[in-house]
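Below is a short note for a colleague who is opening this entry for the first time. Please keep the sequence and the 3D view at hand while reading.

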Amino acid sequence: EQVDQLIARAEHDQAKLILIKHRLRSSDETQLRIIDQVMSRVESSEQEAERRRQVQNAARRKQLERAKAFIEREKFEEAVSELETFQGKSGEGDEAAVLRERALEGLINRERNRAARLFLKAKETEDPDRKEAYLRSSYQILKSLVDKYPSSPLSEKVRSNLETVEEALREIT
């Protein structure tokens with residue numbers, strides 16, 4: 001029972017150790033055969049667990065490759081989505097965190113540029129209603145970035161941009 005519990009928790013080395021101890025203490029042929037059978041189950045379970053780990057690792061590598069491809073094609077939202085499953089995991093987690101940062105940086109910069117274009121349109125237009133609409137659109141883009149990604153290294157730049165837009169809005173109202 002103890003060995004079965006250890007197998008269930010994937011503690012194969014511990015299960016083997018218990019079986020080896022029992023094997024050394026026992027001289028009864030029937031018990032030795034039972035111990036050998038259980039040892040085979042432990043080894044089989046260990047091999048299956050290793051096979052599952054390899055399949056999982058291959059799937060994770062493919063996810064990382066897809067995320068890289070999304071970043072290269074500037075599909076940042078898709079890259080972030082692909083990388084969300086890696087949070088809190090070690091191994092590929094470090095590489096995934098770096099890729100996620102790159103994707104978020106690309107996403108934030110693209111949206112900041114979009115907000116900047118709207119801000120420039122507002123500066124160039126004479127129509128107060130259109131000016132306000134452009135500024136409000138720019139404000140909404142920047143505000144959503146601040147709300148969505150508060151811990152991003154770019155958040156200070158976004159906040160600064162947001163203050164500039166807010167100041168321009170105050171000037172026209």
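The points below go from the whole chain to single residues.

1. Basis. This is a predicted model, in which local features need pLDDT of at least 70 and side-chain atom pairs count only at pLDDT 80 or more, while totals for chains, interfaces and linings use all residues. Residues are numbered from 1 along each chain as its sequence is written, and side-chain values use heavy atoms, with hydrogens and water left out.

2. Secondary structure. The chain has 7 helices and 0 strands; helices (H or I, at least four residues) and strands (E, at least two) are DSSP runs, numbered from the N terminus. In sequence order the pattern reads α-α-α-α-α-α-α.

3. Overall dimensions. The C-alpha trace spans about 100 × 30 × 20 Å along its principal axes. The radius of gyration of the chain is 29 Å, whereas a compact globule of 173 residues would have one near 16 Å. That radius is taken over C-alpha atoms, and the globule rule is 2.2 Å times the number of residues to the power 0.38.

4. Burial and surface. Of the 173 residues in the chain, 36% are buried. Buried means under 20% relative accessible area, exposed means over 50%, and partly exposed lies in between (1.4 Å probe, protein chains only). The accessible surface comes to about 11600 Å², and 47% of this belongs to carbon and sulfur atoms. The areas come from the Shrake-Rupley method with a 1.4 Å probe; for residues, only the protein chains shown count as cover.

5. Contacts along the sequence. Among contacts between residues at least 6 apart in sequence, 53% join residues at least 24 apart. Contact here means heavy atoms within 4.5 Å. Arg66, in helix 3, and Glu101 are 35 residues apart in sequence, with 15 Å between their C-alpha atoms. Ala97, in helix 5, is 68 residues from Glu29 along the chain, and their C-alpha atoms are separated by 55 Å. Arg66 is partly exposed at 40% relative accessible area, and Ala97 is partly exposed at 43%.

6. Charges. The chain carries 34 positive and 35 negative charges, and the mean positions of the two sets are 2 Å apart. Lys and Arg count as positive and Asp and Glu as negative, while His and the chain ends are not counted. The place of a charge is taken as NZ of Lys, CZ of Arg, CG of Asp or CD of Glu.

7. Salt bridges. How many salt bridges does the count come to? The count is 18, where a salt bridge is a side-chain nitrogen of Lys or Arg within 4 Å of a carboxyl oxygen of Asp or Glu. One of them joins Arg51 and Glu48, at 2.5 Å from N to O. Both residues lie in helix 3 (residues 29–72), 3 residues apart, about one turn of the helix. Arg51 is partly exposed at 42% relative accessibility, and Glu48 is partly exposed at 31%.

8. Another pair in helix 3. Glu65 and Arg61 form a salt bridge in which the closest N and O atoms are 3.9 Å apart. The two residues are 4 apart in helix 3, so about one helical turn separates them. Glu65 counts as partly exposed at 42% relative accessibility, as does Arg61 at 33%.

9. Is Glu111 buried or exposed? Glu111 is buried, at 15% relative accessible area, whereas its salt-bridge partner Arg114, with 2.8 Å from N to O, is partly exposed at 38%. The two stand 3 residues apart in helix 5 (residues 92–124), about one helical turn. As for shared partners, salt bridges join Arg61, Glu65, Lys68 and Glu95 into one network.

10. Backbone points to check. Which residues other than glycine have a positive phi? Ala10 has a phi near 60 degrees, and Glu74 has one of about 60 degrees. Ala10 sits in the loop between helix 1 (2–8) and helix 2 (12–25) and is partly exposed at 47% relative accessibility. Glu74 is in the loop between helix 3 and helix 4 (76–83) and counts as exposed at 52%.
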